[in-house]
Structure formats: C-alpha cells, structure tokens
Amino acid sequence: MTPQETLDRLYELVKKDGALRQKLLATKDSDNSVSDFCRISTEYGYPIAPFDLIMAGEEAYAEMCRSTNGGGENHPRIQGADDLYGLFILSIQ
C-alpha cells in the first residue's frame, strides 16, 4: 500500500473515531510531529514510516510539477504542497 493509500484509509477511520482524530491532531504540537503521527497511525493498523511519508509528499509534488508546463520547473514553489502530513492534519481539523 502506498503512503497516500494509507493516509486515505486512515482518513476514513478518523471520520468515525474522534479519539484517534484528537491523538493525530495533538501531534502537530509535538517536537517530533511526523514521527509521532506515523507511530499512532501504525498502532491503529495503518503502518507508515516518517521517511516514506516525507518522500511521498516530495514525489507527489514533483509529479504535479511535471504534469504542467510541459514538465518545466519554472514556477514558484507552492508552499506546503509537498507536506502530506500537514495536508492531512488540515483535512481533519
């Protein structure tokens, strides 16, 4: 399962489980937010490693950039577009 698929399934669970939602939201105040997020996700049966989550965001952003402008990278960087953790937290707030 890809990191994005894991996040999609985790999102469906979060919509039903308020306690999990609160645990995941609390990670944004942690010193190790991504690691804590991944640990909680794994505890709930949705394993994801911090490195995989970060790389998936980078890869998704790179794919988005290649799909426009004929693949050229001559555009301003979209702030936060490569941060799957941050986007997930925003989606459950």
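Select Thr 27 and Leu 24: a polar side-chain atom of Thr 27 sits 2.5 Å from the backbone oxygen of Leu 24. This is a predicted model, where local features need pLDDT of at least 70, side-chain atom pairs count only at pLDDT 80 or more, and totals for chains, interfaces and linings use all residues. Residues are numbered from 1 along each chain as its sequence is written, and side-chain values use heavy atoms, without hydrogens and water.

Stay on Thr 27. It lies in the loop between helix 2 (18–26) and helix 3 (33–43). Helices here are DSSP runs of H or I, at least four residues, numbered from the N terminus. Is Thr 27 buried or exposed? Thr 27 is buried, because its relative accessibility is 3% (buried means under 20% relative accessible area, with a 1.4 Å probe and protein chains only).

Next, show what Thr 27 touches. Its contacts (heavy atoms within 4.5 Å) include Ser 33, Asp 36 and Phe 37. Tyr 85 is also among them.

Now select helix 5, residues 84–92. How do helix 2 and helix 5 cross? Their axes come within 10 Å and cross at roughly 135°. Axes are lines fitted to C-alpha atoms over the stretch in contact, with angles from 0 to 180 degrees between N-to-C directions. The two helices are therefore oblique to each other; under 35 degrees counts as roughly parallel, over 145 as roughly antiparallel, 65 to 115 as roughly perpendicular, and the rest as oblique.

Last, select Arg 21, Leu 24 and Leu 25 in helix 2. They meet Phe 88, Ile 89 and Ile 92 in helix 5.

Key
Buried means under 20% relative accessible area, exposed over 50%, partly exposed in between (1.4 Å probe, protein chains only). A polar contact is a pair of N or O atoms within 3.5 Å; within protein, one must be able to donate a hydrogen and the other to accept it, and residues adjacent in sequence count only if both atoms are side-chain atoms. Lists of a residue's contacts leave out its neighbours within four places in sequence.
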